[in-house]
Amino acid sequence: MGKFSKKIRKDRTKQAEKDLAQKVNMFDRLPDACTVCSTPFDKLNKEMVTSWNVAVREKEKQVNLYCPSCWDSANEILKEFKKRIMEKKENDG
């Protein structure tokens with residue numbers, strides 16, 4: 001059984017390394033500005049790095065970057081949209 005366990009660990013390690021390599025490759029695609037409003041993004045600014053949001057679409061190989069203002073606005077729009085859908089469902093049925 002020792003050889004079997006070792007093979008499983010080796011396979012998991014290889015998969016983890018592959019996943020990490022893909023994520024690093026996607027990080028290279030990080031834009032220099034907000035995807036919505038084009039506010040410049042400074043990768044060396046700790047506050048920006050911790051407060052901005054990144055959305056990765058691996059299948060499309062696309063990385064979108066959102067400033068806090070645009071992220072908050074998008075979330076408010078989604079929240080309102082969900083509220084309207086729920087109200088419509090309640091009224092229809």
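Reader: Quick one to start. Is Lys61 buried or exposed?

Author: Lys61 counts as exposed, because its relative accessibility is 53% and the cut-off for exposed is over 50%. Bear in mind that this is a predicted model.

Reader: Where is Lys61 found?

Author: Lys61 sits in the loop between strand S1 (53–57) and S2.

Reader: What is the phi of Lys61?

Author: Near 55°. That is a positive value, and Lys61 is not a glycine. Most residues other than glycine have a negative phi.

Reader: And Ser38, what is phi there?

Author: Ser38 has a phi near 65°, again positive in a residue other than glycine. Ser38 belongs to the loop between helix H1 (2–27) and helix H2 (46–51).

Reader: Why does Ser38 count as exposed?

Author: Because its relative accessible area is 51%, and exposed means over 50%.

Reader: Zoom out. How many helices and strands are in the protein chain?

Author: Three helices and two strands. Reading from the N terminus, the order is α-α-β-β-α.

Reader: What share of the chain's residues count as buried?

Author: The chain has 93 residues, and 12% of them count as buried. Its accessible surface is about 8,200 Å². Carbon and sulfur atoms account for 55% of that surface.

Reader: Now the core. Which residues make up the largest nonpolar core?

Author: Nine residues: Met26, Leu30, Cys34, Phe41, Trp52, Val63, Leu65, Cys67 and Cys70. In soluble globular proteins, nonpolar side chains tend to be buried together.

Reader: Pick Leu30. What is Leu30 in contact with, leaving aside neighbours within four places in sequence?

Author: Phe41, Lys43, Val54, Val63 and Leu65. Phe41, Val63 and Leu65 are listed in that core along with Leu30.

Reader: Is Cys70 buried or exposed?

Author: Cys70 counts as buried, because its relative accessibility is 13% and buried means under 20%. Cys37 is partly exposed, with a relative accessible area of 37%.

Reader: Switching to strand S2. Which residues does S2 span, with Asn64 in it?

Author: Strand S2 covers residues 62–66, and Asn64 lies in it.

Reader: Why does Asn64 count as buried?

Author: Because its relative accessibility is 10%, and the cut-off for buried is under 20%.

Reader: What joins the side chains of Asn64 and Gln62?

Author: A polar contact of 3.2 Å.

Reader: What else does Asn64 touch, not counting residues up to four places away?

Author: Thr35, Asn53, Val54, Ala55 and Arg57. Val54 is also in contact with Leu30.

Reader: Arg57 is on that list. Which residue forms a salt bridge with Arg57?

Author: Glu60, with the closest N and O atoms 3.9 Å apart. Arg57 is partly exposed at a relative accessible area of 45%. Glu60 is partly exposed too, at 46%.

Reader: What does the salt bridge count come to?

Author: Three. Another of them pairs Arg84 and Glu80, at 3.3 Å from N to O. Then there is Asp92 with Lys88, at 3.0 Å, N to O.

Reader: Where do Arg84 and Glu80 lie?

Author: Both are in helix H3 (residues 68–92). They are four residues apart, about one turn of the helix. Arg84 is exposed, with a relative accessible area of 55%. Glu80 is partly exposed, at 35%.

Reader: And where do Asp92 and Lys88 lie?

Author: Also in helix H3, four residues apart, about one turn. Both Asp92 and Lys88 are exposed.

Technical notes. Residues numbered from 1 in each chain as written. Predicted model: local features only at pLDDT ≥ 70, side-chain atom pairs only at ≥ 80, totals over all residues. Heavy atoms only, no water. Core = buried A, V, L, I, M, F, W, Y, C linked by side-chain atoms within 4.5 Å. Buried < 20%, exposed > 50% of the residue type's maximum accessible area, 1.4 Å probe, protein only. Contact = heavy atoms within 4.5 Å. Areas by Shrake-Rupley, 256 points an atom, 1.4 Å probe, with all protein chains shown as cover. Polar contact = N/O pair within 3.5 Å; in protein donor to acceptor, adjacent residues only side chain to side chain. Salt bridge = Lys/Arg side-chain N within 4 Å of Asp/Glu carboxyl O.
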